[in-house]
Amino acid sequence: PVKELTAQVAVLGAGPGGYTAAFRAADLGLRVVLIERYPTLGGVCLNVGCIPSKALLHTAAVIEETKGMGAMGVTFAPPEIDLDKMRTGKDKVVKKLTTGLSSMAKQRGVEVVQGTGRFEAPNRIGVDSREGKVTVAFDNCIIAAGSCPIRIPGFPHDDPRVMDSTDALQIDGIPERMLVVGGGIIGLEMASVYAALGSRIDVVELKDQLMPGADLDLVRAFQKVIKKRYNKIFLETKVSRMEATGAGIKVEFEGKSPGEDTYDKVLVAIGRRPNGKLVNAEAAGVKVDEHGFIKTDQHMRTNVPNIFAIGDVVGGPMLAHKATHEGKVAAEVIAGEPALFDPLTIPSVAYTDPEVAWMGLTEHEAKEQGIEVEKGVFPWAASGRALGIHRDEGLTKLLFDPETKRILGAGIVGPNAGELIGETVLALEMGADMEDIGMSIHPHPTLNETIGLAAEMAHGSITDLL
Ligand code: FAD
């Protein structure tokens, strides 16, 4: 038996992009069907991404912080770690949020269909649900199918000792020796967690710096801290072979740091692949490129006028806050509102310890594109608050247009950099200049004061730091 549903808006995928779009469309009075293959809503971000990783990273940060308290006359015994409880604690956070989403869907009358959906015709999706086949005939559709971790062909990914980020979040054990393949945000966040739990970490990155995309001065400040905690960081080095042996996962390196080594566990975090090819978009005439991305215009519309796409599947930074904003735009456009996805910036944050955050133009991009900037840098070594929390490694950097003095970009490294960067995003979106930021009275002593001070440094209204 086939159950037939009709929808003004069918949303395929219930990650941050999909659920936001579904809820917004329902709030605008449209009849919405939300299709999700997994039993819980929330997608990668809530289930196996942003949220569980941040719960573990907080635990890691607390462990690291206790180590630094000796200077203030307090020493803690080495932590006793109960992995089962750690997992349960993390899972509880996830459950609270995903069940919250389910009830929000109910409240709005969004019909959720659990199962894998595929386009069958220009206006129809077929879903293999547990209750049998369901078809959803739609007026409009939003593809929000997300992404999945990239695997390297020929590597023993089926061996449980070779993990992707989802496996790593399960913290099945604390490996003595762990290799993180990929020095991007996801790999380094998980490295922060396992290092705090006691693993000896090596990181290997193909490019010439960790966190490609971030300015080197920020990465250097970050690296100064992790150098003391990690065993080795190999840059411009590639893993050329990986073999599962009785003694562990044997890895061969090629490039700047050639050699071989054996690890108890390896985390492969070399990027994510969009799920565009998994939805049979061709049946609806939607173009999917060779990588699996679905291109859209600024209204989030694909090449087919009543089919939209949002989130990781459309390309750009694969970030939850991008997906949610795109989701809103798609829903509003469908409802006939004049919406457009046109942000001046999408901030990036690595929730590592220390955190690294940046937004707008980076110094590297400015140089590459021949854009002149004026720079204000405030080192946290001159911040009373940073010294008080024993974290003077940080820095706050602001970039301004030399003519208009408006902010163009910002980079912050240090604890809570991810919280702090928000002010600079608002400044950029509002067209704030050096004086707007520098003369806004920031509370003292705070880390957020470093933003005002960095603007004053650029302005020349303060020159002495201490
Ligand atoms: P997804 O969250 O990937 O959701 C897509 C959903 O579609 C999934 O639930 C999937 O099951 C479903 N689906 C796919 N195909 C079908 C189908 N055919 N039928 C039915 N359902 C289908 N981003 C941040 O901004 N901040 C962070 O701190 C952060 N941390 C991260 C940490 C980790 C470990 C990882 C892996 C990612 C992290 N991200 C973070 C990225 C973030 O999770 C993604 O950018 C975000 O989830 C993308 O949202 P989305 O809605 O596009 O897709």
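## Strand S9 and its S8 neighbour

Arg177 has Arg200 of strand S9 as its bridge partner. S8 (residues 177-181) and S9 run parallel and are joined by 5 bridges; strands pair if DSSP finds at least two bridges between them. From S8 the chain crosses through helix H6 (residues 185-197) to S9, a right-handed β-α-β crossover. Right-handed means that, with the strands pointing away from the viewer, the path from the first strand over the helix to the second runs clockwise. Helices (H or I, at least four residues) and strands (E, at least two) are DSSP runs, numbered from the N terminus.

This is a predicted model: local features need pLDDT of at least 70, side-chain atom pairs count only at pLDDT 80 or more, and totals for chains, interfaces and linings use all residues. Residues are numbered from 1 along each chain as its sequence is written.

## On to S10

S9 also runs parallel to strand S10 (residues 232-234), with 3 bridges. Val203 stands opposite Ile233 of S10. The chain passes from S9 through helix H7 (residues 216-229) to S10, and this β-α-β crossover is right-handed.

S9 (residues 200-204) is largely enclosed by the rest of the structure, because 4 of its 5 residues are buried. Buried means 20 or more other C-beta atoms within 10 Å of the residue's own, with C-beta atoms placed from the backbone.

## The whole protein

The protein has 13 helices and 21 strands. Of its 466 residues, 47% count as buried. The C-alpha atoms fill a box of roughly 70 × 60 × 40 Å, taken along the principal axes.

Terms used:
Buried ≥ 20, exposed ≤ 12 C-beta atoms within 10 Å, placed from the backbone.
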